[in-house]
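Subject: Structure handover

Hello,

Here is the structure, with its sequence. My notes follow below it.

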Amino acid sequence: MSSSAELKKSPTPELVALPNAGLVGKALSKALQVWLRSLLDDVTSIDIRIGGRNRQILTGNIPQVYVAAQNACYRGLHLSTIYLQGGSVSLNIKQILKGEPLRLLEPVPVAAEFSILQPDLNRSLSASILADAIRDAVLSQLPLPPQPPDQTLQITLGTGKIALSGIWLKAPDALELVPAVFHTGLTLADGHTLHFVKPYFQSSSPNLPVLDDIYIDLGSDITLDELTITPSQLAGRGGFVVMS
C-alpha cells in the first residue's frame with residue numbers, strides 16, 4: 001500500500017502507466033466499477049486502472065488499484081473530485097470470473113485526495129456526517145426556537161475559515177427570531193481530529209455564548225494528513241479503510 005503522501009506525488013489515474021493487466025484485468029475493472037457505483041448515491045464518471053500481471057490477478061491479489069471519480073455522492077456527501085489508490089487488494093476472483101458480485105476478502109487501506117467545491121459543500125449539509133457535527137458542535141450551544149423556521153443553512157468558504165449562515169435564534173422576549181452566523185477557522189489538530197479555531201457567533205441577539213475551540217473526532221478509520229480551505233473549495237489528502 002502506497003502512503004497518501006505517495007499518492008499526491010503520483011500523476012492522476014488517467015496518466016499513470018500501469019503494467020498490462022490483460023483481459024482478466026479488463027473484466028475485473030468492470031466488476032470494480034459496478035461495485036463502486038453500487039456504493040454511491042450518484043456519480044458522473046469513474047475511471048479505474050489496475051496494476052498487475054494476469055498471474056497475480058488470477059490469484060485474487062491485486063497489487064495496485066487507482067480510481068478517479070467526478071461528482072461522486074456518498075451517503076449525501078458530494079465530492080467534486082476524488083482520487084483513490086489502494087494496494088494488496090484481496091478479492092473473490094473465481095466468483096467474479098463466473099459473473100458473481102465482487103467481494104473484498106480483507107479490509108483495504110486506501111489513500112485519497114479529494115476536493116469539494118463550495119456549491120457541493122452546501123449540497124452536502126444534509127449528510128449525517130456534516131449535519132450531526134453542526135448540530136452537536138454548533139447548534140446545541142444556541143438559544144434555538146422549539147421549531148425553527150424553514151431556513152437553509154449555507155456555508156461560505158474563506159482562506160482557512162468558514163462561515164455558516166441560516167441560523168435563527170430565539171430573542172430574549174421570545175416575540176421574534178433573529179438571524180445569526182457562525183464563524184470559525186478550520187484546521188487539523190491531528191490526523192483524526194478537526195480543530196475549529198476561535199469560533200464565534202455574529203448576531204444582533206444579546207447574550208450569545210462565548211465559545212472555546214471545538215474539536216471533532218473523525219474516528220480511527222479516517223485519517224486526514226492535509227486540509228486546505230480557499231474561497232472556492234475545501235480540499236484534503238488522507239486515507240481510510242474499506243471493509244467490504
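Buried residues account for 44% of the 244 residues in the protein chain. Buried means under 20% relative accessible area, exposed means over 50%, and partly exposed lies in between (1.4 Å probe, protein chains only). Please note that this is a predicted model: local features need pLDDT of at least 70, side-chain atom pairs count only at pLDDT 80 or more, and totals for chains, interfaces and linings use all residues. Residues are numbered from 1 along each chain as its sequence is written, and side-chain values use heavy atoms, with hydrogens and water left out.

Overall make-up

The protein chain has 6 helices and 11 strands. Helices (H or I, at least four residues) and strands (E, at least two) are DSSP runs, numbered from the N terminus. A contact means heavy atoms within 4.5 Å. Take the contacts between residues at least 6 apart in sequence: 58% of them join residues at least 24 apart.

Two strands pair if DSSP finds at least two bridges between them. For angles, axes are lines fitted to C-alpha atoms (for helices over the stretch in contact), and values run from 0 to 180 degrees between N-to-C directions.

E1 (residues 45-51) is mostly covered, with 5 of its 7 residues buried. Its pairing with E2 (residues 61-74) is antiparallel, over 7 bridges. Ile50 has Val65 in E2 as its bridge partner. Further along, E3 (residues 77-90) and E4 (residues 108-117) pair over 6 bridges, also antiparallel. There, Gln85 is bridged to Ala111 of E4.

The other open sheet has 5 strands, in the order E5-E6-E7-E8-E9, again antiparallel. Its edge strands are E5 (154-157) and E9, which each pair on one side only. Here the twist averages 30° from one strand to the next. E5 and E6 (residues 161-170) are joined by 4 bridges. Ile155 finds its bridge partner in Leu164 of E6.

The core

The largest nonpolar core has 60 residues. Such a core is a set of buried Ala, Val, Leu, Ile, Met, Phe, Trp, Tyr and Cys residues joined through side-chain atoms within 4.5 Å. Leu28, Ile167 and Phe182 have the most contacts inside this core. Helix H2 (residues 22-39) gives the largest share, 6 residues. Beyond its neighbours within four places in sequence, Phe182 touches several residues, including Val138, Ile167, Phe196 and Leu211.

Two residues to look at

His183 is in strand E7 (residues 177-190). Its side chain makes a polar contact with the side chain of Gln202, at 2.7 Å. A polar contact is a pair of N or O atoms within 3.5 Å; within protein, one must be able to donate a hydrogen and the other to accept it, and residues adjacent in sequence count only if both atoms are side-chain atoms.

Gly219 is in the loop between strand E9 (214-217) and strand E10 (222-229). Is Gly219 buried or partly exposed? Gly219 is partly exposed, because its relative accessible area is 22%. Phe240 is 21 residues from Gly219 in sequence, and their C-alpha atoms are 9.9 Å apart.

Best wishes
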